[in-house]
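Visitor: Could you walk me through this model, one question at a time?
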Amino acid sequence: MTTHIVGAGLAGLACAVALAGRGREIALYEAAPNAGGRCRSFFDPGLDRRIDNGSHLLLSANRAALDYLARIGAADTVTGPSEAAFPFVDLESGRRWTLRPNRGPLPWWVLAPSRRVPGSRPGDYLSGLALLSAAPGATVADCIAPAHPLYRSFWEPLTLAALNAEPAVAAAAPLRATLLETFARGGAFCRPLFTRDGLGASLIEPALSFLAGRDVRPAFGRRLRRLVLEGGRVAALDFSDGVETVEPGDKVVLALPAGGTGELLPDLPVPEDGHAIVNAHFRLDRPPALPEDLPFIGVIGGTAHWVFVRDDVVSVTVSGAGALAGQPAADLASLLWSDVTRALGLPVGPVPPVRVVKEKRATFIQTPANQHRRPPPATRWPNLFLAGDWTATGLPATIEGAIRSGFAAAAATGHRV
Ligand SMILES: Cc1cc2nc3c(=O)[nH]c(=O)nc-3n(C[C@H](O)[C@H](O)[C@H](O)COP(=O)(O)OP(=O)(O)OC[C@H]3O[C@@H](n4cnc5c(N)ncnc54)[C@H](O)[C@@H]3O)c2cc1C
């Protein structure tokens, strides 16, 4: 009996990793020529460097992601500081600070001016309580008004980073879930983690090696065009290059983005896809000076949101970047380079070699309305299961959500994982 997994992004890979070597045949299909989906690395000839499609940050609370990394033997490929620390610069005021939540759950860090946002008061941090009691249809801005002293320097960057949307449109519920798993448990659960040599080297290639060791090899270039639904079950998978029969007892896991799943299952309500993230990767003459364990900085008051450094490549992330994604790459590069020079204190000079990556469908649109359109792994077809960062994980569309969804789909197939 075979479990057919369609999509070799993190959700599909996590599902395959959970099931491989446990007594079932696994068939993994992927439309693209490589695995990783929205979380991938590639060689850029212009920069002469291997870069990620976009910088990805993990947190020490991401238990499924850490479990996945341990299973595929890649736990030692992620690095980060020993304590939670988030450096920021405000390009308008020139102020710099580092948010440093203390390790334990009692948040005494808000009492220490050196650990909190400059100019904020301890009581300002109680604003998080409004998220805990948020109504199901509430946005983040319904709970924390734009006039709040921490809105611009804390809640807005946090919401954009976690939900890829402005607080005025982002649903409060998944941000609450993130806060409960991170800040509410203390700094030990908020340590930022980075992939040392890139997304591919940590999250994708070790998974492919793990799977190959269990005789699972993705079939690349196979795009699922149609599900053949007969007799109340999936009877066949109609790929661009041929049909695969789904035998009785076989299971099918669709680990595709929301939009693609909706096209294959038109009766299934799915969230709308389509919030963009723009990344620009600049190759410098020499690595800029940032602490080795904190190779990033949050940017307030600019176009850039986060700047990450890996050796001589500086990568800039802009979330919720719908309008920006329509601009020519050269214009974006000079706009973002100006922010980089100010954030890192570099001399302003000509824009160095750069690669701009526009992910127009980086995540689904994480509004309150779309939260109700996130399905669980089981469907009304007994042999069909769903995975993906957009399914009902309760979390934002993230690496952690994608991996958890893959594990959940694997468990829902009824097999030992
Ligand atoms: C620029 C960027 C920055 C991000 N930053 C962060 C971050 O800092 N932290 C974080 O946690 N998350 C971040 N994310 C989100 C994270 O990358 C995603 O949540 C995660 O990768 C989604 O994985 P997935 O498997 O659910 O979907 P996908 O990666 O989209 O995988 C779906 C796979 O299915 C394949 N496919 C599609 N249609 C078909 C078909 N018909 N037949 C066969 N195969 C098909 C696709 O090619 C793809 O490989 C970021 C995303 C982007 C784009």
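Visitor: Which side chain meets Arg404 in a salt bridge?

Guide: Happy to start there; this is a predicted model, where local features need pLDDT of at least 70, side-chain atom pairs count only at pLDDT 80 or more, and totals for chains, interfaces and linings use all residues. Residues are numbered from 1 along each chain as its sequence is written, and side-chain values use heavy atoms, without hydrogens and water. A salt bridge puts a side-chain nitrogen of Lys or Arg within 4 Å of a carboxyl oxygen of Asp or Glu. Here the N to O distance is 2.8 Å, and the partner of Arg404 is Glu181.

Visitor: How many salt bridges are there between domain 1 and domain 2?

Guide: An automatic or database domain assignment sets the bounds, with domain 1 as 2-42 + 199-271 + 367-412 and domain 2 as 86-190. Between domain 1 and domain 2, the count is one salt bridge.

Visitor: How much of the ligand's accessible area does the protein cover?

Guide: An oxygen atom of the ligand lies 2.6 Å from a polar side-chain atom of Asp389. By the Shrake-Rupley method with a 1.4 Å probe, the ligand on its own has 1000 Å² of accessible area, and the protein covers 91%.

Note on methods: A polar contact is a pair of N or O atoms within 3.5 Å; within protein, one must be able to donate a hydrogen and the other to accept it, and residues adjacent in sequence count only if both atoms are side-chain atoms.
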